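This report describes a protein fold from its strand pairing down to single residues. Please view the sequence and the model together while reading.

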Amino acid sequence: MPLPKLNFQIACLLIVTAGIVPAEEINHSKFIAQRAAMESLEGEDPLQLRESWWKGQLEVEEAKLVQQQLFKKNTYQFWLAVPDPGAEVLLNLYDSKGELLKTQKRSYSIGKNVTSLIVTPEATGTYYLRLALSKDSPSPQEWAMIYAFK
């Protein structure tokens, strides 16, 4: 008999309660991004979540660039999140020439503090994810970004 699927929040709570991971080591921004990612990681054609992830601090009117090697014809989805539901995160993808790429954007009912983009690059190469906060967001914000592919 298959085991029932656990709600991601409950699973994290059980891990912390069991003492496997101390509560102070849980990154809340990463948790929000992972919660948003769940839908894309399940189903008939799921993406595979990578262990790699990024984190840092964002200020309003300050952008961060994250360099990533992407491969032709793979599909990638990136999720960016901050803990404050009053903040709005912005995420864009650029190629090595600095050209903004057309991507599919996703927003989530949990708030504007998490967003994602989906891309299938036409060429293998170095790409840059640009992370920012909207001008009316509370600042600073601790951010986390995760990604998956297929």
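Two strands count as paired if DSSP finds at least two bridges between them. Helices (H or I, at least four residues) and strands (E, at least two) are DSSP runs, numbered from the N terminus. The model is a predicted one, in which local features need pLDDT of at least 70 and side-chain atom pairs count only at pLDDT 80 or more, whereas totals for chains, interfaces and linings use all residues. Residues are numbered from 1 along each chain as its sequence is written, and side-chain values use heavy atoms, with hydrogens and water left out.

## The sheet

In general, strands of a sheet pair through backbone hydrogen bonds, either parallel or antiparallel. Here, five strands form an open sheet in the order S1-S8-S3-S6-S5, and the pairing is antiparallel. The edges are held by S1 and strand S5 (104-108); each has a single partner strand, so one side of each lacks a neighbour in the sheet. On average, neighbouring strands of this sheet are turned by 20° against each other, direction ignored. Axes are lines fitted to C-alpha atoms, for helices over the stretch in contact, and angles run from 0 to 180 degrees between N-to-C directions.

Strand S8 covers residues 141-149, and seven of its nine residues are buried, where buried means under 20% relative accessible area, exposed over 50% and partly exposed in between (1.4 Å probe, protein chains only). Strand S8 pairs with strand S1 (residues 48-58) in the antiparallel sense over eight bridges. With strand S3 (residues 76-81), S8 also runs antiparallel, and six bridges join the two. Individual bridge partners in S8 are listed below.

| Residue | Bridge partner in S8 |
|---|---|
| glutamine 48 | phenylalanine 149 |
| tryptophan 53 | isoleucine 146 |
| glutamine 77 | alanine 148 |

Helix H2 (residues 28-37) lies across S1, S3, S5, S6 and S8, and runs at about 35° to S8. Contact means heavy atoms within 4.5 Å.

## Aromatic rings

A pair of aromatic rings is described by the distance of the centres and the angle of the planes. Rings of Phe, Tyr and Trp (its six-membered ring) pair if their centres lie within 6.5 Å; planes under 30 degrees apart count as stacked, over 60 as edge-to-face and the rest as tilted. The structure holds four aromatic pairs. One of them joins tyrosine 76 and phenylalanine 78, whose ring centres are 6.5 Å apart with planes at 25°, so this pair is stacked. Tyrosine 76 and phenylalanine 78 are both buried.

Phenylalanine 78 also forms a stacked pair with tyrosine 147, at 5.2 Å centre to centre and 15° between the planes. Because phenylalanine 78 lies in strand S3 and tyrosine 147 in strand S8, the pair ties together parts that are 69 residues apart in sequence. Tyrosine 147 is buried, as is phenylalanine 78. Ring pairs link Trp54, Tyr76, Phe78, Tyr147 and Phe149 into a cluster.

## Two buried residues

Threonine 75 lies in the loop between strand S2 (64-70) and S3. Its relative accessible area is 19%, so threonine 75 is buried. Which residues does threonine 75 touch, not counting those up to four places away in sequence? They are Leu47, Ile118, Val119, Thr120, Ala148, Phe149 and Lys150. The side chains of threonine 75 and threonine 120 are joined by a polar contact of 2.9 Å. Such a contact is a pair of N or O atoms within 3.5 Å; within protein, one must be able to donate a hydrogen and the other to accept it, and residues adjacent in sequence count only if both atoms are side-chain atoms.

Glycine 111 lies in strand S6 (residues 111-119) and counts as buried because its relative accessibility is 18%. Glycine 111 and valine 89 are 22 residues apart in sequence, with 9.9 Å in space from C-alpha to C-alpha.

## Backbone geometry

Most residues other than glycine have a negative phi, and most peptide bonds are trans. Glutamate 61, in the loop between S1 and S2, has a positive phi near 65°. With 66% relative accessibility, glutamate 61 counts as exposed. Lysine 73 is placed in the loop between S2 and S3, and its phi is also positive, near 70°. Lysine 73 is exposed, at a relative accessible area of 65%.

A cis peptide bond, with omega about -5°, joins serine 139 and proline 140. Proline 140 has its place in the loop between strand S7 (125-133) and S8.
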